[in-house]
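Welcome, and please open your viewer.

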Amino acid sequence: MQMIMLGPPGAGKGSQASNLSETLGIPHISTGDIFRANIKNETSLGLQVKANIDAGNLVPDELTVQIVEDRLKNADCQNGFILDGFPRTLYQAEMLEKILDRHQKKMDVVVNLVCPDEVIIQRLSGRRMCSCGRSYHLTSNPPRVPGKCDADGLDLYIREDDKASTVRSRIETYHNQTEPLVHFYSKEGVLRDIDGTLSIPETTERILKMIGIET
């Protein structure tokens, strides 16, 4: 099965892709992960990604498409995959169609996690991190002592990406660049809306039921 996770930042795409990958036995492919892997392995594509990131630029669509296509050639993708963070633009979606055509595959389902902006802002701006890697949330997973990590007592901090002003900017970028994919895949007949405000297990269960797998 070929699947795309679509939705705004903070809707839970990564969590759902990870759960579904484990249940379905197909790889969860995150663009962030494959960028990091290519950079770490110093591949020719990875060096190009690093040059763009170091210069403070977004990774160009053409380069992103090349890296994704390179990943989809791996043997573990023969029985399907779950894309998380790709495609982000109409150009990327159109290029993905061509990649799938070349490999005689088709997109089976695009899961669109529907989540209001206010919920996203609350989710992301409430997140707190510790330098040890543990994460907390002010409402859903608060630390025992406010502002302190349960494990080592160090001060918690808010990531730049999680600040309310940054979250609003990320949501605006999503509406402008990525939301048009909802219409694109709706016309293709593969889009399925799923309530992204539910708990992670409930959302996973609904997606599995939607694709015909009872839990």
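One term first: a residue is buried at under 20% relative accessible area, exposed at over 50%, and partly exposed in between, using a 1.4 Å probe and protein chains only. The model is predicted, so local features need a pLDDT of at least 70 and side-chain atom pairs count only at pLDDT 80 or more, while totals for chains, interfaces and linings use all residues. Residues are numbered from 1 along each chain as its sequence is written, and side-chain values use heavy atoms, leaving out hydrogens and water.

**Stop 1: Gln104.** Select Gln104, which is exposed with a relative accessible area of 78%. Gln104 lies in the loop between H5 and strand S4 (109-114); helices (H or I, at least four residues) and strands (E, at least two) are DSSP runs, numbered from the N terminus. Its phi is positive, about 55 degrees, although Gln104 is not a glycine. Most residues other than glycine have a negative phi, and most peptide bonds are trans.

**Stop 2: Pro87.** Now move to the loop between strand S3 (81-84) and helix H5 (90-102), where you will find Pro87. Look at the peptide bond from Phe86 to Pro87: this bond is cis, with omega near 0 degrees.

**Stop 3: helix H2 and what follows.** Which residues of H2 are buried? Select Thr31, Ile34, Phe35 and Asn38 to see them. The buried residues of H2 pack against strand S2 (28-30), H3, helix H4 (61-72) and S3, with contact meaning heavy atoms within 4.5 Å.

Just after H2, select Glu42, which has a positive phi of about 55 degrees. Glu42 is in the loop between helix H2 (31-40) and helix H3 (44-54), and counts as exposed at 58% relative accessibility.

**Stop 4: H1 and H9.** Finally, show helix H1 (residues 13-24) and helix H9 (residues 200-210), whose axes come within 10 Å and cross at roughly 55 degrees. Axes here are lines fitted to C-alpha atoms, for helices over the stretch in contact, with angles running from 0 to 180 degrees between N-to-C directions. To see the contact, select Ser15, Gln16, Asn19, Leu20, Thr23 and Leu24 in H1, which meet Ile200, Thr203, Thr204, Ile207 and Leu208 in H9.
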